[in-house]
Amino acid sequence: PPRNLTVGDVAMGLPPFAPTGAVPNSSLIIQDGGLMWKLKGGGWAFQYPDMVARVQQGRTQISWARQSQAPVSVDMNNDGISYHFGSTVVHRSVTGELIYEQPSGTMHQMHNEVVYHWCNPNIVVYQTPNGMVYYDEGGMTYRGADDLAHYAANGEVLYQGMGGITRQFPDGSANIWTDSGVLYRHADGMMTYTPVGDKQPQVLQNSPLLAEKFPGPPLSAEQVLGMVTKALAAAAAP
């Protein structure tokens with residue numbers, strides 16, 4: 001988590017202290033009561049009664065030690081800009097990404113997607129135009145426009161959609177709720193069905209599949225398209 005920026009942190013870079021990395025005895029008095037220092041690695045540092053700035057190798061850092069308000073620090077480079085006030089840091093990149101950091105968690109926005117992370121309890125939420133995904137110690141949950149799926153840490157899966165609800169257990173058993181009734185698949189392979197309005201489940205027998213109605217090799221996309229073209233031509237004929 002970001003540290004808590006205090007007035008004392010900024011004051012250590014103000015007069016009478018020399019800026020970190022400054023060339024000794026290189027200070028010059030400038031307008032408005034400021035000092036300008038040459039830095040050993042190239043660049044310049046500027047000091048004012050309540051503000052300090054550094055310009056070095058494509059990076060600019062400015063901090064204000066405001067007595068009546070919380071101090072503020074700004075850091076700019078070729079990739080973007082960040083603001084640090086109190087225990088909060090906000091980053092903005094040139095590509096449009098936004099990162100918001102606090103001791104309690106972070107928020108990361110990338111175009112039309114957002115990721116939230118809370119530290120205590122440890123939760124991650126991933127939001128997209130198609131839905132949201134939640135991660136916590138209990139598992140993962142996906143929520144879409146018309147459906148919801150939960151994958152529990154113990155292997156249990158729960159799905160809820162327009163057609164009903166399915167709950168699958170780690171031992172292979174499953175419950176399927178529909179508008180017409182409930183289907184139970186037991187761990188031993190037996191299947192039972194309880195229609196709506198009934199209390200007694202019915203045992204479903206496993207029977208072999210019927211003969212294939214359309215024997216032969218599967219059709220290719222070109223063959224299907226040809227069949228559709230012939231059907232349309234026949235329908236349009238007088």
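**Terms and model.** Buried means under 20% relative accessible area, exposed means over 50%, and partly exposed lies in between, with a 1.4 Å probe and protein chains only. This is a predicted model, in which local features need pLDDT of at least 70 and side-chain atom pairs count only at pLDDT 80 or more, while totals for chains, interfaces and linings use all residues. Residues are numbered from 1 along each chain as its sequence is written, and side-chain values use heavy atoms, with hydrogens and water left out.

**Figure 1. The whole chain.** The chain holds two helices and 21 strands. Both kinds of element are DSSP runs, numbered from the N terminus: helices are H or I with at least four residues, strands are E with at least two. The radius of gyration is 33 Å, well over the 18 Å that the globule rule gives for 238 residues, so the chain is more spread out than a compact globule. That radius is taken over C-alpha atoms, and the rule is 2.2 Å times the number of residues to the power 0.38. Along the principal axes, the C-alpha atoms fill a box of roughly 95 × 55 × 30 Å. Of the 238 residues, 24% count as buried. The accessible surface comes to about 16500 Å², and carbon and sulfur atoms own 59% of it. Such areas come from the Shrake-Rupley method with a 1.4 Å probe; for residues, only the protein chains shown count as cover. Contact means heavy atoms within 4.5 Å. Among contacts with a separation of 6 or more, 12% join residues 24 or more positions apart.

Figure 2. Side chains of opposite charge can pair when their charged atoms come close. A salt bridge is a side-chain nitrogen of Lys or Arg within 4 Å of a carboxyl oxygen of Asp or Glu. The search of the whole structure finds three. Here D75 meets R59, at 2.5 Å from N to O. The pair links distant parts of the chain: D75 sits in strand 6 (residues 72–77) and R59 in strand 5, 16 residues apart. D75 is buried, because its relative accessible area is 19%. R59 has 37%, so R59 is partly exposed.

**Figure 3. S63, a serine in strand 5.** Strand 5 covers residues 59–64, and S63 lies in it. Is S63 buried or exposed? Its relative accessibility is 14%, so S63 counts as buried. Leaving aside neighbours within four places in sequence, S63 is in contact with V10, D50, M51, V52, V72 and S73.

**Figure 4. E156 and R167, a loop joined to a strand.** These two form a salt bridge, their closest N and O atoms being 2.5 Å apart. E156 is in the loop between strand 15 (148–152) and strand 16 (157–161), while R167 is in strand 17 (residues 164–168), eleven residues apart; the pair links distant parts of the chain. E156 is buried at 16% relative accessible area. R167 is partly exposed at 33%.

Figure 5. Which residues does A153 contact, leaving aside its neighbours within four places in sequence? They are E137, G138 and G139. The C-alpha atoms of A153 and Q223 are 47 Å apart, and 70 residues separate the two along the chain.

**Figure 6. V124, in strand 12.** Strand 12 spans residues 123–128 and includes V124. V124 is partly exposed, at 25% relative accessibility. Not counting residues up to four places away in sequence, V124 touches V115, Y116, H117, V133, Y134 and Y135.

**Figure 7. A nonpolar surface patch.** L219, V224, M227, V228 and L232 make up the patch, with about 470 Å² of accessible area together. Patches are made of residues with over 30% relative accessible area and no salt bridge; like charges are joined within 9 Å, nonpolar side chains (Val, Leu, Ile, Met, Phe, Trp, Tyr) within 5 Å. V224 is in helix 2 (residues 221–236). At 39% relative accessibility, V224 is partly exposed.
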